Amino acid sequence: VVRGCSVTTDELNPDLAHAVLIADAESHPTGVVFEDCRIEGNQFGMVLTWFRDAAHGPEVTLRDCFFRANLISALELDCGDVTLEGCLFEENQGVSLNIGGGAVEARNTVFRRNVHTGFQAVIALHLDANWGQTGGVIPPGTLKLIECRVYENGAGGNPSIRVHEGELFAD
């Protein structure tokens with residue numbers, strides 16, 4: 001469990017792309033929990049990806065975390081399972097939640113005042129660009145929104161939620 005962390009752009013290396021990268025480089029990370037963390041002002045806030053086994057991505061819980069002012073994406077995954085509980089995505093410039101593969105369940109999470117431009121949306125489900133490299137192992141992503149709020153987002157007339165491939169469940 002990681003509690004109370006703050007991950008912001010490294011002033012000595014402002015061009016570093018990923019603030020937090022969780023991958024299956026040597027093992028299948030499970031039970032990873034971040035609580036009360038701030039992921040703010042990065043190119044990519046947090047990325048979950050695969051290096052060895054696309055079918056067995058990381059399993060991560062983010063509880064009461066704050067994603068703010070990340071430029072390309074706040075949280076991005078191409079595999080794995082993510083649980084969001086009571087998180088806030090605010091004033092991110094790109095895609096706040098970008099699901100290429102894997103599954104996300106969000107409970108009591110707020111997406112507000114995010115600016116998304118181009119083809120994307122605040123929340124996007126679409127197959128990862130590297131999907132072909134997996135031999136079709138990564139299925140399209142899924143998203144469950146349970147008692148979440150998505151409001152005051154937008155730029156360029158794009159929708160707040162875009163499902164290109166994948167499944168969306170909302171309650």
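**Notes on the cysteines, salt bridges, sheets and core**

1. A pair of cysteine sulfur atoms has to be within 2.5 Å to count as a disulfide. Cys-87 is also buried, at 2% relative accessibility. Please keep in mind as you read on that this is a predicted model.

2. Which two cysteines form a disulfide? They are Cys-5 and Cys-37, with sulfur atoms 2.4 Å apart. The two residues sit 32 residues apart and link distant parts of the chain. Cys-5 is in the loop between strand S1 (2-3) and strand S2 (6-8), while Cys-37 is in the loop between strand S4 (32-35) and strand S5 (38-40). A search of the whole structure finds one disulfide. As a reminder, a disulfide is a covalent bond between the sulfur atoms of two cysteines.

3. A word on the geometry of that bond and its surroundings. The torsion about the S-S bond of Cys-5 and Cys-37 is about 125°, so the disulfide is right-handed. Both ends are out of the way: Cys-5 is buried with a relative accessible area of 18%, and Cys-37 is buried with a relative accessible area of 1%.

4. Cys-65 takes part in no disulfide, and its nearest cysteine sulfur, that of Cys-37, is 4.6 Å away. Is Cys-65 buried or exposed? Cys-65 is buried, with a relative accessible area of 1%.

5. Now to the charged side chains. Side chains of opposite charge can pair when their charged atoms come close. The structure holds 11 salt bridges. One of them joins Glu-40 and Arg-38, at 2.9 Å from N to O. Here Glu-40 is buried, with a relative accessible area of 16%, whereas Arg-38 is partly exposed at 37%. Another salt bridge brings together Glu-105 and Arg-107, at 2.8 Å from N to O. Glu-105 counts as partly exposed at 22% relative accessibility, and Arg-107 counts as partly exposed at 35%.

6. The salt bridge between Arg-113 and Glu-152 has an N to O distance of 3.8 Å. How many residues apart are Arg-113 and Glu-152? They are 39 residues apart and link distant parts of the chain. Arg-113 belongs to the loop between strand S14 (110-112) and strand S15 (123-125), and Glu-152 to the loop between strand S17 (149-151) and strand S18 (161-163). Arg-113 is partly exposed at 35% relative accessibility, and Glu-152 is exposed at 53%. Both residues also belong to a network of salt bridges whose members include Arg-38, Glu-40, Arg-68, Glu-90, Glu-91 and Arg-112.

7. On to the strands. Seven of them form an open sheet with parallel pairing, in the order S1-S4-S7-S10-S13-S16-S19. S1 and strand S19 (167-170) are the edge strands, each pairing on one side only. Within this sheet, S4 and strand S7 (residues 59-63) pair in the parallel sense over four bridges. Phe-34 has Leu-62 as its bridge partner in S7.

8. There is also an open sheet of six strands, with parallel pairing and the order S2-S5-S8-S11-S14-S17. S2 and S17 stand at the edges with a single partner strand each, so one side of each is left without a neighbour in the sheet. Neighbouring strands of this sheet are turned by 5° against each other on average, direction ignored. S2 and S5 pair in the parallel sense over three bridges, and Val-7 stands opposite Ile-39 in S5.

9. Finally, the core. The largest nonpolar core has 30 residues, and those with the most contacts inside it are Phe-34, Met-46, Leu-62, Phe-67, Leu-75, Leu-84 and Leu-97. Strand S9 (residues 73-77) provides the largest share of this core, three residues. What does Leu-84 contact, leaving aside its neighbours within four places in sequence? Its contacts include Leu-62, Leu-75 and Leu-97, along with Phe-89, Val-104 and Ala-106. Leu-84 is also in contact with Thr-109 and with Glu-105 and Arg-107, the two residues that meet in a salt bridge.

Definitions and conventions:
Residues are numbered from 1 along each chain as its sequence is written. This is a predicted model: local features need pLDDT of at least 70, side-chain atom pairs count only at pLDDT 80 or more; totals for chains, interfaces and linings use all residues. Side-chain values use heavy atoms; hydrogens and water are left out. Buried means under 20% relative accessible area, exposed over 50%, partly exposed in between (1.4 Å probe, protein chains only). A salt bridge is a side-chain nitrogen of Lys or Arg within 4 Å of a carboxyl oxygen of Asp or Glu. Two strands pair if DSSP finds at least two bridges between them. Axes are lines fitted to C-alpha atoms, for helices over the stretch in contact, and angles run from 0 to 180 degrees between N-to-C directions. A nonpolar core is a set of buried Ala, Val, Leu, Ile, Met, Phe, Trp, Tyr and Cys residues joined through side-chain atoms within 4.5 Å. Contact means heavy atoms within 4.5 Å.
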